[in-house]
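The tour below goes from one selection to the next.

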Amino acid sequence: MPSISLKVNGKTRTGEVEGRTLLVDFLREGLGLTGTHVGCDTSQCGACTVHVDGTQVKSCTIFAVEADGAEVTTIEGMAEPDGTLNKLQQAFQDHHGLQCGFCTPGMVMSLAKLIEETPKPSEAQIRDHLEGNICRCTGYHNIVKAALAATDQL
C-alpha cells in the first residue's frame, strides 16, 4: 500500500492507504478527524468539504494519494489556537445556523473560503457559494445570517 504524508491542520500526518481510499475516509478513519462528514457518497451534499492547499474541496471526490504532500484544513483546524470557536463558528452558534449539525462542518468550511476571498459577501453571494452544500433542517436563512454576522454585516 502506498504511504502518504500530508500536513493536516498544521501537523504532519502520515499513513498507508489503498489507492482507492478517499480523502474523507483517510481523514475520518485513518486520522480520527470525524468532523468531516460523509453525507451522500455522490459529492452532492458538501458535508465533506475541506481545504486542500487553500482550495475548497469535497473530500469525497479525491483519493487520499492525490493529497500526498498537500496542506489540508478540516473543521477541527478552524478553531482559535486556544480551542475556542472562531468568529464564523461562533456566529453559527449565536444565530442558530444549525439544527442537527450534520451539514455544519461543510457549511463552515465553504463559507470560510468565501469570506477569505470576499471579506464582505452579499447575501446573494453567500447563497450562491452555498449551492454545493445541502442542509435539510434550517432552510438556509440562519446560515446566511451567521455568515453576515461573521463579516460584521448584521
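**Stop one: the cavity**

The model is predicted, and a search of the whole structure finds one cavity of 30 Å³ or more. The largest cavity holds about 40 Å³ of space. To find it, select Val24, His37, Val38, Gly39, Cys40, Asp41, Cys45, Cys48 and Cys60, which line it. Colour this selection by class: the lining has six nonpolar, two polar and one charged residues.

**Stop two: Thr36**

Next, select Thr36, in the loop between helix H1 (23-30) and strand S3. Is Thr36 buried or exposed? Its relative accessibility is 2%, and the cut-off for buried is under 20%, so Thr36 counts as buried. Now show its contacts. Leaving out residues up to four places away in sequence, Thr36 touches Val24, Leu27, Arg28, Ala47, Cys48, Val50, Ser59, Thr74, Ile75 and Glu76. Val24 and Cys48, among these contacts, are also among the residues lining the largest cavity.

**Stop three: helix H3**

Move on to residues 104-117, which form helix H3. With 14 residues at 1.5 Å a residue, H3 should span 20 Å, and its end C-alpha atoms are 20 Å apart, so the two values agree.

How many of the 14 residues of H3 are buried? Twelve are, so that the helix is mostly covered. Select Thr104, Pro105, Gly106, Met107, Val108, Met109, Ser110, Leu111, Ala112, Lys113, Leu114 and Ile115 to see the buried residues.

Key: Residues numbered from 1 in each chain as written. Predicted model: local features only at pLDDT ≥ 70, side-chain atom pairs only at ≥ 80, totals over all residues. Heavy atoms only, no water. Helix = DSSP H or I, 4+ residues; strand = E, 2+ residues; numbered from the N terminus. Expected span 1.5 Å × (residues − 1). Buried < 20%, exposed > 50% of the residue type's maximum accessible area, 1.4 Å probe, protein only. 1 Å grid on protein atoms, 1.4 Å probe; cavity = no way out; pocket = protein on both sides within 12 Å on 5 of 7 lines; lining within 4 Å. Points joined across faces, edges and corners; volume = space filled by probe spheres on them. Nonpolar A, V, L, I, M, F, W, Y, C, P; charged D, E, K, R; others polar. Contact = heavy atoms within 4.5 Å.
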